[in-house]
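This report describes a protein model step by step. Please view the structure below before reading on.

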Amino acid sequence: MLRSIAKSITHAHAQACTTSMINLDQQVRHMSKHLSKAAAKRLPLSTKHARKGYYKGKGGTKEGTFKGKAGRWKADPERRLELIVPDLTGFKLKPYIAVSVPKWAPEEEIQG
């Protein structure tokens, strides 16, 4: 009787040990604070990650918002940029300058 109890205890102990060994064999992944090179390339470029002289700009007008879980773009007509242009009928000046026009005015021409 004692032998059968001892065998069952050792058998149960052996099963517990093997299950714990299986759990130890499995790899556990932990999050790292460092990104891989491929992941770092996908981040938005900032002035801290670019070379000297990189200027990102001062921002622009936001003409809409992202809506919903998927982040769909929704344009807002009230935020749209509105250009106010005067009426140019009868205006004498042309919008473009011909190539034949000298770069400097004759009185301002550099003499060397």
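Predicted model: local features only at pLDDT ≥ 70, side-chain atom pairs only at ≥ 80, totals over all residues.

Which residue in E2 is the bridge partner of Thr65? The bridge partner of Thr65 in E2 is Lys74.

## Overall architecture

The protein contains two helices and two strands. Followed along the sequence, these elements give the pattern α-α-β-β.

The protein has 112 residues, and 2% of them are buried. Its accessible surface amounts to about 12,500 Å². Carbon and sulfur atoms account for 59% of that surface.

Strands E1 and E2 run antiparallel and are joined by four bridges. In another, Lys67 has Arg72 of E2 as its bridge partner.

The two strands form a hairpin, with four residues between them. Gly68 lies in the turn and has a positive phi of about 80°.

## An aromatic pair

A pair of aromatic rings is described by the distance of the centres and the angle of the planes. The structure holds one such pair. It is formed by Phe66 and Trp73, whose ring centres are 5.3 Å apart. The angle between the planes is 70°, and the pair is edge-to-face because this angle is over 60 degrees.

Is Phe66 buried or exposed? Phe66 has a relative accessible area of 61%, so this residue is exposed, the cut-off for that class being over 50%.

## Salt bridges

How many salt bridges are there in the model? The count comes to two. In one of them, Arg80 is bonded in a salt bridge to Glu63, with 3.8 Å between the closest N and O atoms. This pair links distant parts of the chain, as the two residues are 17 residues apart. Arg80 belongs to the segment after strand E2 (72-75), whereas Glu63 belongs to the loop between helix H2 (37-41) and strand E1 (64-67). Arg80 counts as exposed because its relative accessibility is 52%. Glu63, at 26% relative accessibility, counts as partly exposed.

Arg79 forms a salt bridge with Asp76, and here the closest N and O atoms are 3.8 Å apart. Arg79 has a relative accessibility of 39% and therefore counts as partly exposed. Asp76 is likewise partly exposed, with a relative accessibility of 28%.

## A nonpolar surface patch

Which residues make the nonpolar surface patch of about 730 Å²? The patch is made by Leu81, Leu83, Val85, Leu88, Phe91 and Leu93.

Leu88, one of these residues, lies in the segment after E2. Its relative accessibility is 52%, so Leu88 counts as exposed. A residue in such a patch must have over 30% relative accessible area, and the value for Leu88 is 52%.

Conventions
Residues numbered from 1 in each chain as written. Heavy atoms only, no water. Salt bridge = Lys/Arg side-chain N within 4 Å of Asp/Glu carboxyl O. Buried < 20%, exposed > 50% of the residue type's maximum accessible area, 1.4 Å probe, protein only. Pairing = 2+ DSSP bridges. Patch = residues over 30% accessible without salt bridge, like charges linked within 9 Å, V, L, I, M, F, W, Y side chains within 5 Å. Areas by Shrake-Rupley, 256 points an atom, 1.4 Å probe, with all protein chains shown as cover. Phe/Tyr/Trp six-rings, centres within 6.5 Å; stacked < 30°, edge-to-face > 60°.
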